[in-house]
Amino acid sequence: MLKLWDEATEKINTYWEQIPEERFGEQITIFGRYQGTVWSSIFYFIDNEIHHPGERGSG
C-alpha cells in the first residue's frame, strides 16, 4: 500500500507542476452538475475526505 502511495504521489507532483496557476481560478462543472472554480472543487474534495473518511467502500 505504501509503495502505491509513493508512486501516486510522484505522479501527482509531476502533473501538479504542469498546471498553470491561472487555471485554478477557472470555472468548471464537476459530476456534470456542480459549478465552481477549480480551487473550490479541490477544497470540496479535501473537506469531504476530512468529514467522511473511509465511507467509500465496496458496497
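Student: Quick one to start: how far apart in helix H2 are Trp39 and Phe43, in helical turns?

Tutor: About one helical turn separates Trp39 from Phe43, because they sit four residues apart in H2, which covers residues 38-51. Bear in mind that this is a predicted model.

Student: Why would that spacing matter for which way they point?

Tutor: An α-helix has 3.6 residues a turn, so residues three or four places apart point the same way.

Student: And how are the rings of Trp39 and Phe43 arranged, as an aromatic pair?

Tutor: Let me come to that pair by way of another one. The whole structure has five aromatic pairs. In one of them, Trp16 and Phe24, the ring centres are 5.1 Å apart and the planes meet at 40°, so that pair is tilted. Trp39 and Phe43, by contrast, are stacked, with 5.6 Å from centre to centre and 15° between the planes.

Student: Why tilted for Trp16 and Phe24?

Tutor: It comes down to the angle between the planes: under 30 degrees counts as stacked and over 60 as edge-to-face, so the 40° of Trp16 and Phe24 falls in the tilted range.

Student: Which residues do the ring pairs link into a cluster?

Tutor: Trp16, Phe24, Trp39 and Phe43 are linked into a cluster by ring pairs.

Student: Nice. Is Phe24 buried or exposed?

Tutor: Phe24 is buried, because its relative accessible area is 6% and the cut-off for buried is under 20%.

Student: Where is Phe24 placed?

Tutor: Phe24 is in the loop between H1 and E1. Compare its position with Glu7: the two are 17 residues apart in sequence, and their C-alpha atoms are 24 Å apart in space.

Student: Let's switch to H1. How many of its residues are buried?

Tutor: Zero of the 15 residues of H1 are buried, so the helix lies largely in the open.

Student: What span should H1 have, going by its residue count?

Tutor: At 1.5 Å a residue, H1 (residues 2-16) should span 21 Å, and its end C-alpha atoms are 20 Å apart, which agrees.

Student: What radius of gyration does the chain have?

Tutor: The protein chain has 14 Å, whereas a compact globule of 59 residues would be near 10 Å. Along the principal axes, its C-alpha atoms fill a box of roughly 35 × 30 × 20 Å.

Student: And what share of the chain counts as buried?

Tutor: Of its 59 residues, 8% count as buried. The chain exposes about 5700 Å², with carbon and sulfur atoms supplying 57% of that area.

Terms used:
Residues numbered from 1 in each chain as written. Predicted model: local features only at pLDDT ≥ 70, side-chain atom pairs only at ≥ 80, totals over all residues. Heavy atoms only, no water. Rg over C-alpha atoms; globule rule 2.2 N^0.38 Å. Buried < 20%, exposed > 50% of the residue type's maximum accessible area, 1.4 Å probe, protein only. Areas by Shrake-Rupley, 256 points an atom, 1.4 Å probe, with all protein chains shown as cover. Helix = DSSP H or I, 4+ residues; strand = E, 2+ residues; numbered from the N terminus. Expected span 1.5 Å × (residues − 1). Phe/Tyr/Trp six-rings, centres within 6.5 Å; stacked < 30°, edge-to-face > 60°.
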